[in-house]
Amino acid sequence: VEDYRVKASNNMLTIKSANAYLILDAIRRSGPMTIDQMTRLTRLSRPTVLQILEDLSERGVVCCAGPAESSGGRQPMLYQIDTTKHFAIGVDFEFPPMRLAVIDLQGNVRLSKTWDCSYSMDKETIIERLVEAIRASVLSMNLTLDNIVGIGLGIPGTINLHENRPDIISRIPQWNRAPLSEILTKEFPVPVHVRNDAHLMAMGAYNDLALNDGQFLFIAYRTGIGMAIVRKGRLMEGEYGNAGYIGHTTVDINGDFCPCGQRGCLETFSSKRAVEHKYALLSNLDQKIGFDEILRLADHQDKNAALVLADAATYFGIALANAVKMLDISTVIIGDLDCEKDQVFVRTIEETINKYCASYAINPVQVIPWPTDERRNATGAAIYALEKFFDQPRLRLSV
Ligand SMILES: [Zn+2]
């Protein structure tokens, strides 16, 4: 815990919640601990720690975990996050597939659910299904809305952070500025957070991977290509909540048309859809075959597969090298990529990044594929709602 001196301009209430945040953060990250350990870690006084613990216990956020092991003498009590009273819900609005997860305050998944919508479904039905899924999940866990600290909603496309709504939902063209948070808040009076799906998947990855310094670029390699920027474990949201919208950055001004209306976007070269399309063209196939199968074919000396993937990986690497240089982050995680780190597709991306970063970085950039786990995408949304619940108060701090 860094040593912050809180400026006198903060009022007492803010200082109190900042201190509570320090204690919660310490317990969440380091597990059950004694009051002595908390005072050492947070540098708060013992009476302050005691008072905050009493408050957090009353709110059902922290509870006793039994006595600590001791080498004799009295055994001090351990405190931990209470995982029985409060939960967060996450929804991955990939559309047509929809996913939901419920997690406890420590981030453990307690329930997950998947259902399918269809392109022919009207908006009312899509919403009805969503509301029904949330309600059924709460009921099946024997909970009430008092137990729910928030709902996170991951949207593919772009959002407006200030208005807490999607701007454009990919694949549902006639539904711009959908008032999803208003509708859900009316049904469930808890905080609803609408966010970019790549951002939420990154939070899920951070929760799973326990990256030591919490600095990485996360690529959502799904139907399109999204990106999230995480620094010191905190997501960079951007002005409207769409930071890292790398899929539609231009890599060739004379390139193919992209569904977004521009030419030569990264997605037209490197998305799974582009790879499938180009492989079918090159191999004169009537029907496209899936990206994972093309990866496998490349491993088995299929020249067309190798060619198409090499091309996709090279443009991917160039775009990522630009991002790495701009943001000064040297770990890239590619989410929903089901292959090993030594797969030629991953190696080509990594080699290209390092080639284009050669004049800039001494330390090599590392690319880590992160396999698909559909459940995890909804978990990311729930973790976001949880983070908001634990959020550090907006302090003016001086170090
Ligand atoms: Zn585009």
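## Zinc site

C258 counts as buried, because its relative accessibility is 7% (buried means under 20% relative accessible area, exposed over 50%, partly exposed in between, with a 1.4 Å probe and protein chains only). C260 is partly exposed, at 37% relative accessibility. Both cysteines coordinate the zinc ion through SG, together with C265 (SG) and H248 (ND1), at 2.0 to 2.3 Å. Donors are N, O and S atoms within 2.8 Å of the metal (3.2 Å for Na, K and Ca); water is not among the atoms, so sites may look incomplete.

Along the chain, the donors of the zinc ion are spaced as H-x9-C-x1-C-x4-C. The site is tetrahedral, with angles of 104 to 118° among its 4 donor atoms; four donors count as tetrahedral if all angles lie between 85 and 135 degrees.

## Model and confidence

The model is predicted: local features need pLDDT of at least 70, side-chain atom pairs count only at pLDDT 80 or more, and totals for chains, interfaces and linings use all residues. Residues are numbered from 1 along each chain as its sequence is written, and side-chain values use heavy atoms, with hydrogens and water left out.

The average pLDDT of the chain is 87, and 92% of the residues score at least 70; pLDDT is the predictor's confidence in each residue, from 0 to 100. Over residues 1–10 the pLDDT is below 50, and this stretch has 20 contacts in the model beyond near neighbours in sequence (contact means heavy atoms within 4.5 Å). Residues 394–399 also have pLDDT under 50, with 16 contacts beyond four places in sequence.

Helix 2 spans residues 35–42, and its buried residues are I35, M38, T39 and T42. They lie on the same side of helix 2, because they cover an arc of only 95° around the axis; the arc is that of the directions from the helix axis to the C-beta atoms. Helices (H or I, at least four residues) and strands (E, at least two) are DSSP runs, numbered from the N terminus.

Although R43 is not a glycine, its phi is positive, at about 60°. R43 counts as exposed, at 55% relative accessibility.

## The F95–P96 peptide bond

Most residues other than glycine have a negative phi, and most peptide bonds are trans. F95 and P96 are joined by a cis peptide bond, with omega of about 0°. F95 also has a positive phi of about 55°. F95 is buried, because its relative accessible area is 3%.

Methods: Tetrahedral: all angles 85-135°; square planar, octahedral: opposite > 155°, others 65-115°.
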